Amino acid sequence: MIEEVVSAHLPVGETLRIQKNRIEGAEPKKRRLAIVTGTHGDELEGQYVAWQLARVLKKRQPLLRGTVDIYPALNPLGISTIYRGLPGFDLDMNRIFPGSSEETMYEYIAGGIIEDIAGADLCIDIHASNIFLREIPQVRINEQSAEMLLPLAKFLNMNFLWVHSAATVLESTLAYSLNSLGTPTLVVEMGVGMRITKSYGDQLITGILSVMSQLFMLEEPCPPVAPPIVSTDGNVAFVNANASGIFIPRVRHEERVEEGQLLGLIADPLSGGVREELHSPASGLIFTLREYPVVNEGSLIARILGGAL
Ligand SMILES: [Zn+2]
């Protein structure tokens, strides 16, 4: 059933409406899972997951216990206009939570979204990367909530659980706000902006079914999932460009590399020269790789997951 979560009037008689697809099984009030995506309008990986998950769950409805709410578009205008933030406001929607009923229209919308999700047994907030970087399927968890979130995150069928230090936590995100309210919220990052990577989406759907089994929301055996690598900031090495130019990779995303291995070049198309050779600072897995070729000094090129691999 399609339901309105919150809405607001736009200046010329249009209405901004946030909607969800509510799928109910037996004892709908007993458990609730919220699947949320589309906060950043240029991240589309979650669109496939929202669509396909609804179809998979409708087929399994006789086995379903509790309620699954799928929110495909928290920022519908951003998605419609290929705009990462909130069109017209130059704001990142994931910086205005928990919102407020008395401030701007978008803070009111953010407040309505939080109110609707709060109290769920679990929320999964699906992000893609931006258009610049490609990411392997991963869950990002802030250290403060790790104890609450890790046990369920391990069933989500993602390759990697990255436990972030509390120092880098952004308090105005949807996930931080919900976790602070005691609604466990897992942030998934996968793929790349403006594209859909179907294999990643299918991998996550298997993980969602597995988590639902753990929450006793599906009366069927838990689908087998691969155990993820769990890592903290200490195992992650960053590679940034020291020159501007065009990045030409010499490795593939998800490849394992050795310390010192050539990752790519920063090319100078005008002279035919090479401005920089980028080498891996550690042996490990390339879990983030630059997708968009134009780079500036300081641009992130790769993240390598080192350590026990
Ligand atoms: Zn995002």
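In this predicted model, Arg-95 counts as partly exposed, at 37% relative accessibility. The side chain of Arg-95 meets that of Asp-92 in a salt bridge, with an N to O distance of 3.9 Å. Asp-92 is likewise partly exposed, with a relative accessibility of 22%. The pair at Asp-92 and Arg-95 qualifies as a salt bridge because its distance of 3.9 Å falls within the 4 Å limit between a side-chain nitrogen of Lys or Arg and a carboxyl oxygen of Asp or Glu. In general, side chains of opposite charge can pair when their charged atoms come close.

The structure holds 17 salt bridges. One of them links Asp-69 to Lys-20, and the closest N and O atoms of this pair are 3.2 Å apart. Asp-69 belongs to strand S4 (residues 67–71) and Lys-20 to strand S2, so the bridge ties together parts that are 49 residues apart in sequence. Both Asp-69 and Lys-20 are buried. A further salt bridge is formed by Glu-135 and Arg-140, whose closest N and O atoms lie 3.3 Å apart. Glu-135 is buried, as is Arg-140. Salt bridges that share partners also join Lys-20, Arg-22, Asp-69 and Asp-116 into one network.

Asn-21 is placed in strand S2, which spans residues 15–24. With a relative accessibility of 13%, Asn-21 counts as buried, because buried means under 20% relative accessible area. When neighbours within four places in sequence are left aside, the contacts of Asn-21 are Met-1, Ile-2, Ala-54, Lys-58, Val-68, Asp-69 and Ile-70. Asp-69, one of these contacts, is also the salt-bridge partner of Lys-20.

A zinc ion is coordinated by ND1 of His-40, by two OE contacts of Glu-43 and by ND1 of His-127, at 2.0 to 2.3 Å. The spacing of the donor residues in sequence is H-x2-E-x83-H. Glu-43 sits in the loop between strand S3 (32–37) and helix H1 (45–59), while His-127 is in strand S5, so this pair ties together parts that are 84 residues apart in sequence. Glu-43 and His-127 are both buried. The angles subtended by the 4 donor atoms around the zinc ion run from 57 to 151 degrees, which makes the arrangement irregular. A tetrahedral assignment is excluded because it would require all angles to lie between 85 and 135 degrees.

Phe-97 and Pro-98 are joined by a cis peptide bond with an omega of about 10 degrees. Ile-82 is found in the loop between H2 and H3 and has a positive phi of about 55 degrees, although it is not a glycine. Ile-82 is exposed, with a relative accessible area of 59%. Asp-90 also has its place in the loop between H2 and H3. The phi of Asp-90 is near 50 degrees, again a positive value in a residue other than glycine. Asp-90 is exposed as well, its relative accessible area being 67%. Most residues other than glycine have a negative phi, and most peptide bonds are trans.

Phe-132 lies in the loop that runs between strand S5 (122–128) and strand S6 (133–142). The relative accessible area of Phe-132 is 34%, so this residue is partly exposed.

Thr-206 is located in helix H6, made up of residues 198–214. At 28% relative accessibility, Thr-206 counts as partly exposed. Thr-206 and Cys-222 are separated by 16 residues in sequence and by 9.3 Å in space, C-alpha to C-alpha. Not counting residues up to four places away in sequence, Thr-206 touches Asn-157, Pro-223, Pro-224 and Val-225.

How values were computed
Residues numbered from 1 in each chain as written. Predicted model: local features only at pLDDT ≥ 70, side-chain atom pairs only at ≥ 80, totals over all residues. Heavy atoms only, no water. Helix = DSSP H or I, 4+ residues; strand = E, 2+ residues; numbered from the N terminus. Buried < 20%, exposed > 50% of the residue type's maximum accessible area, 1.4 Å probe, protein only. Donors = N, O, S within 2.8 Å, 3.2 Å for Na, K, Ca; no water. Tetrahedral: all angles 85-135°; square planar, octahedral: opposite > 155°, others 65-115°. Contact = heavy atoms within 4.5 Å.
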